[in-house]
Amino acid sequence: MTQQVIAFQGTPGAYSDLACRNARPGWRTLPCRSFAEAMAAVHEGRAEQAMLACENSLAGRVPDIHSLLPASGLHIVGEHFQRVEHCLLVVPGTRMEQIRRIHTHPVAMDQIRVLLRDNNLMPVPEFDTAGAAELVALWKKPEDAAVASALAAELYGLEILKRNVEDATHNTTRFYIASRQPTRPLVHASHVMTTLIFSVRNTPGALYKVLGGFATNGVNMTRLESYMAGETFAATRFLMDVEGHPEDAHLGKALAELEFFAKSATILGVYEQSPFRHSTSAEGQDMPRSSPEDATSGSITAHV
């Protein structure tokens, strides 16, 4: 039986790689240099799915997804939440007092300020966390350490000197899982999420009118982000996550109102919510630990 493949943006051992392994056990992971390359791998049949980071609890939204995903021809078929647990990785045998420099991604660097300050370490930004681990393993110098995942330590033969060196314990990244074919849940299934992207007419109250239908029909909106579109500041697109199925009465009515007032809209995916949303951690408790536009103007174009 051919092993299924899931693509991700990053180097082997990156948190996206770890997310793939946790969400799709037994699948082969395919590292890609960019989100566009990961999506292309699925579109071209080199991978069945792509793991695409879309937002982080500390850093906020991940750029590019809003523009790349609608144009990719792929469909969101799931979501995954990955706890980010930063580890201090060193050449085996290195002691803490020997370290002088920390190598990691700039976003991760901002999340380990206490470690840098308390140990008087020099921050050295690198392309990504796993890439930093690869460099430290290559150099074999006790003065250089990396901050990356436990998976990166395993892949590159480094020692974990300290675990959970991040400043905040709620550092979690959310991913969209994309595929060539949609796999919608049943209409009356519980815990369904719908993701869509839309633009509004440049008129007073346009966004208010578009969003009003979700409130009056009792639809919970979990994400709404705006992006500039085109070369003019008057054009704005919105990416939205809402709870419910488009064929459900409540969400169906809300989408009908959006269709009437929006300039264009496209449903990117209808999929089951991650169990993480319903765990106690989603209510602000401790996060779970991880294991080793083609849209027709004025209408909703669903990718089905």
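**A helix pair and its surroundings**

In this predicted model, helix H8 (residues 206-216) and helix H9 (residues 249-261) have axes that come within 8 Å and cross at roughly 170°. An angle over 145 degrees counts as roughly antiparallel, and H8 and H9 are therefore roughly antiparallel to each other. On the side of H8, the contact is made by Lys-209, Val-210, Gly-212, Gly-213, Phe-214 and Thr-216. H9 contributes Leu-251, Ala-254, Leu-255, Glu-257, Leu-258 and Phe-261. Sorted by class, the residues in the contact of H8 with H9 are seven nonpolar, three polar and two charged.

Strand E15 spans residues 262-272. Nine of the eleven residues in E15 are buried, so that the strand is mostly covered. E15 pairs with strand E12 (residues 192-200) in the antiparallel sense, over nine bridges.

Another helix, H2 (residues 35-43), shows how burial can be arranged around an axis. Its buried residues are Phe-35, Ala-38, Met-39, Ala-41 and Val-42. Seen down the axis of H2, these residues fall within an arc of 150°, so they line one face of the helix. Just after H2, Gly-45 takes a positive phi of about 90°.

A further part of the model is an open sheet of five strands, in the order E8-E7-E9-E6-E10 and with mixed pairing. Strands E8 (122-125) and E10 (159-162) stand at the edges with a single partner strand each, so one side of each is left without a neighbour in the sheet. From one strand to the next, the twist averages 35°. Strand E7 (residues 101-104) and E8 run parallel and are joined by four bridges; among the residues involved, Arg-101 has Met-122 in E8 as its bridge partner. Helix H6 (residues 129-139) packs on this sheet, where it touches strand E6 (87-90), E7 and strand E9 (144-148). The direction of H6 makes about 155° with that of E9.

Definitions and conventions. Residues numbered from 1 in each chain as written. Predicted model: local features only at pLDDT ≥ 70, side-chain atom pairs only at ≥ 80, totals over all residues. Heavy atoms only, no water. Buried < 20%, exposed > 50% of the residue type's maximum accessible area, 1.4 Å probe, protein only. Helix = DSSP H or I, 4+ residues; strand = E, 2+ residues; numbered from the N terminus. Arc of directions from axis to C-beta. Axes fitted to C-alpha atoms, helices over the stretch in contact; angles between N-to-C directions. Parallel < 35°, antiparallel > 145°, perpendicular 65-115°, else oblique. Contact = heavy atoms within 4.5 Å. Nonpolar A, V, L, I, M, F, W, Y, C, P; charged D, E, K, R; others polar. Pairing = 2+ DSSP bridges.
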